[in-house]
Every structure is written in structure tokens, then in C-alpha cells.
Amino acid sequence: MHDHDHDDATYDLLVVGSANADLVIGVERRPAPGETVLGSDLATHPGGKGANQSVAAARLGARTALLARVGDDAHGRLLLDSQRAAGADTVGVLVGGAPTGVALITVDPSGDNSIVVSPGANARLTPEDIRAAGSLLAASRVISTQLEIPIETVTEVVRTLPAATRFVLNPSPPAPLPPEVLSACDPLVVNEHEARYILGDDAGTSDSPADWARALLALGPRSVVITLGADGALTADGSGSPVAVPSPKVDAVDTTGAGDAFTAALAWRLGLGDDLPTAAAYAARVGAASVTRQGAQESYPTADQVPAPAPAQEEAASA
């Protein structure tokens, strides 16, 4: 069928995941039970980890498709429009079955937020939908997914993964992962919170991301990337010590969606043949660019807006 480099792939990246409308209201303080507070004008933004990743990769120039489910409603149209505007292919976006997923977000002046998520149509993205999209999966070099869709749907992606296609998972929000999903990850992409959740008691007393990386690899993924915010990332694939990847120093304005931009950029570059530290270094620069602007999808850089690596960053250091 496909040669191992997947040169005939139609898509560099297929994102299988969630699409939400983020409804954001600024408040002086978050309400106590039974209390009403007045807030700012409602802002509605396209969001959801899947839709965010798809937009991020498409803006960088990747040939990207999204496999997701939205409602037949205004929020669904907003999400489809934002995908198309970024250049992502919406052939895999299914419409109907439930209202579009919504995140209700209140943000106080310190930047702290409270969020209620209504999964809506995201919870209706089923294993059957994955099987029906077999030709889309087969046409993709890399498939990236997250956990804002049902775990059985993620498991079905792994079961139907074409031989030449690479699987990338960001287990967010964290949930227990079946061994067959863990063993397919190349890489498993986690932040510190997600790493600790997956390791559970195995995180032990160690605060060393390098120790976490080794412990995560022992659970079966082919490779692991731990994102460390302003400290960059750590990559591990079992061939030698974990490698620390720096992040450019930037003035963070809004970190919303930065992890999604990182994972999308990483998955795309891996599909183009970069090794793990090289792809992660590029992804860290993409994530850094995204935190310098407000919002999630609207903050994502195009390729020419990604900062160049600093000369000192040419050689990634061993951790």
C-alpha cells in the first residue's frame, strides 16, 4: 500500500479531536454560590484542542485535515469557518447529533479562570466515525489526537492506524490510557501535570522531568515529550539520555492554546522527517510565538512569524 516515508500522503497531519466554542466573560471576581456578578461583553472564540491543533498546523503551512464533530448551529459554523480560514481541510468534520461543544469561561483580573465544558457533539465522535473515515486516515502522514473526545474513539484511531502513519497523543484532559494506546504513541506529549497524572504513584518523590521521561517510556510509548512551559521541553526515545530543548524567552501575554500549537508543530515536523529534539525545538518556538498574543487560534503564528533559533540553541543539551 504505502511506502514507509508516506510520500504519497495527501495530508501531512490529520487531527482527530475536539472542536469547541469558547464563550469568555471577564469578571472582577468569580461569583460565590447563589451570587450574580456583572461581567464584560461576551467574546466567542473558536477553540477545542483538536480544532486548535488543526489551525496551528495549517497556519504553519502543513497540509492539514480535521476529523471532529460539531453541531448544526452557529457555533459549528464558526468552527468550520476558522478551519477554512487557516487553510485546514474540513472534509472530515461531521455535523449534527448534538450541539457544538462549548466552554464557558470566566476570567478575573489576575488571569485566573473558571471553566465549565459542555462536550456536546465532541462526546458523539464515535469509533464508527473513525472506521468510516478510513480513507482519510490512510491519506495522512501523522495523526494527532487528545482526550476531549471519548477514549474508545482514540483507541479506535490506534486500531485502524495505517502502517506508515505516525500517532501522536496529548492526553489532555488526563484520563487512564489503555496499554494499546500508550504503546502506539510516538510521541506521548505531556505537560508536568499530565506526566504526574499518568505516572501516579510512580512519579515517586522525583521532581526531575528526566526521571519522569524515563518512567513514562517504561509504560510503553515509543517516545515521550514533556513540555515545561518557559523552560522549553524534554524529549526521550530510549536511545540515550533525555534531551532538553530550550524555549526562546518571550513576554507571555496569554498561554491559552500554547500546548496545542506546540503539539501540532511537533507532529507536523516529525512527519516531515525531523528527529525528535529538532521537531521539539521548532515546536517550542511556535509555542513561544503563540503566547505573545491574546487568544488561542488567533494567536498562532504563520511560518514566517516563528522566531529563529538563537545561535546558542543549535546544540540541544543532554539532561
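## Close-up views of a predicted model

View A. Helix H5 itself spans residues 151-159, and its buried residues are Thr153, Val154, Thr155, Glu156, Val157 and Val158.

**View C. The open sheet of four strands.** The strands of this open sheet follow the order S3-S2-S6-S7, and their pairing is mixed. Strand S3 (43-47) and strand S7 (113-118) form the edges, each with a single partner strand, so that one side of each has no neighbour in the sheet. From one strand to the next, the twist averages 20°.

**View D. The pairing of strands S2 and S6, with helix H2 across the sheet strands.** Strand S2 (residues 20-26) and strand S6 (residues 101-107) run parallel and are joined by seven bridges. Within this pair, asparagine 20 is found opposite glycine 101 of S6. Helix H2 lies across S2, S3 and S6, and runs at about 55° to S3.

**View E. The largest nonpolar core.** This core has 43 residues, of which Leu60, Val225, Phe262, Leu266, Tyr282 and Val286 touch the most other members. At least two residues of the core are supplied by each of strand S1 (11-16), helix H1 (49-60), strand S4 (64-70), helix H2 (74-86), helix H9 (258-271) and helix H10 (276-290). Another core, of 39 residues, lies apart from it and has Ala139, Leu199, Ala210 and Ile226 among its members.

**View F. Contacts of leucine 60.** When residues up to four places away in sequence are not counted, leucine 60 touches Ala265, Trp268, Tyr282, Val286, Pro301, Thr302, Ala303 and Val306. Leu60, Tyr282 and Val286 are also among the residues that touch the most other members of the largest nonpolar core.

Note on methods
Residues numbered from 1 in each chain as written. Predicted model: local features only at pLDDT ≥ 70, side-chain atom pairs only at ≥ 80, totals over all residues. Heavy atoms only, no water. Core = buried A, V, L, I, M, F, W, Y, C linked by side-chain atoms within 4.5 Å. Buried < 20%, exposed > 50% of the residue type's maximum accessible area, 1.4 Å probe, protein only. Contact = heavy atoms within 4.5 Å. Pairing = 2+ DSSP bridges. Axes fitted to C-alpha atoms, helices over the stretch in contact; angles between N-to-C directions.
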